[in-house]
Each structure stands twice: as C-alpha cells, then as structure tokens.
Amino acid sequence: MRDERRIIVVEEDHKSSDGVAGVFGVLFFVVMILALVDRGLTVAWATVSAWLK
C-alpha cells in the first residue's frame, strides 16, 4: 500500500534577515564614527586646555 500524501518542504528565506543585518551594520558604523569624532574632539579640547594653562 502506497502513501499518497504530499510532503511539504518549507524553505528558509535568507533574504528576510538581510535587511535587518544591513540596518544594524549601518547603525553600528555610524555610532563608531560618532565615537571616533567625539574622542578626537575630547583629545583636542584637553590639548588646547593644557596649552592655555
């Protein structure tokens, strides 16, 4: 006796998480750039303050 039921295979959609990963990648990049700019301004401020004292 044969089993005539169909087998349903659900394929994972890898593209659905690509958008989220891209957004978080860009967000991480922007935060890192802001941190580097902040660090540079902090060092510059400390240097100028030391010169003026």
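Q: In this predicted model, why are R5 and D3 called exposed?
A: R5 is exposed, and D3 is exposed as well, because the term is kept for residues with over 50% relative accessible area.

Q: What makes the contact between R5 and D3 a salt bridge?
A: The closest N and O atoms of R5 and D3 are 2.8 Å apart, and since the criterion asks for a side-chain nitrogen of Lys or Arg within 4 Å of a carboxyl oxygen of Asp or Glu, the pair is therefore counted as a salt bridge. Side chains of opposite charge can pair when their charged atoms come close. The structure holds one salt bridge.

Q: How do you know that the chain is more spread out than a compact globule?
A: The chain has one helix and zero strands. Its radius of gyration is 27 Å, well over the 10 Å that the globule rule gives for 53 residues, so the chain is more spread out than a compact globule. Its C-alpha atoms fill a box of roughly 95 × 15 × 5 Å along the principal axes, and 0% of the 53 residues count as buried.

Definitions and conventions. Residues numbered from 1 in each chain as written. Predicted model: local features only at pLDDT ≥ 70, side-chain atom pairs only at ≥ 80, totals over all residues. Heavy atoms only, no water. Helix = DSSP H or I, 4+ residues; strand = E, 2+ residues; numbered from the N terminus. Rg over C-alpha atoms; globule rule 2.2 N^0.38 Å. Buried < 20%, exposed > 50% of the residue type's maximum accessible area, 1.4 Å probe, protein only.
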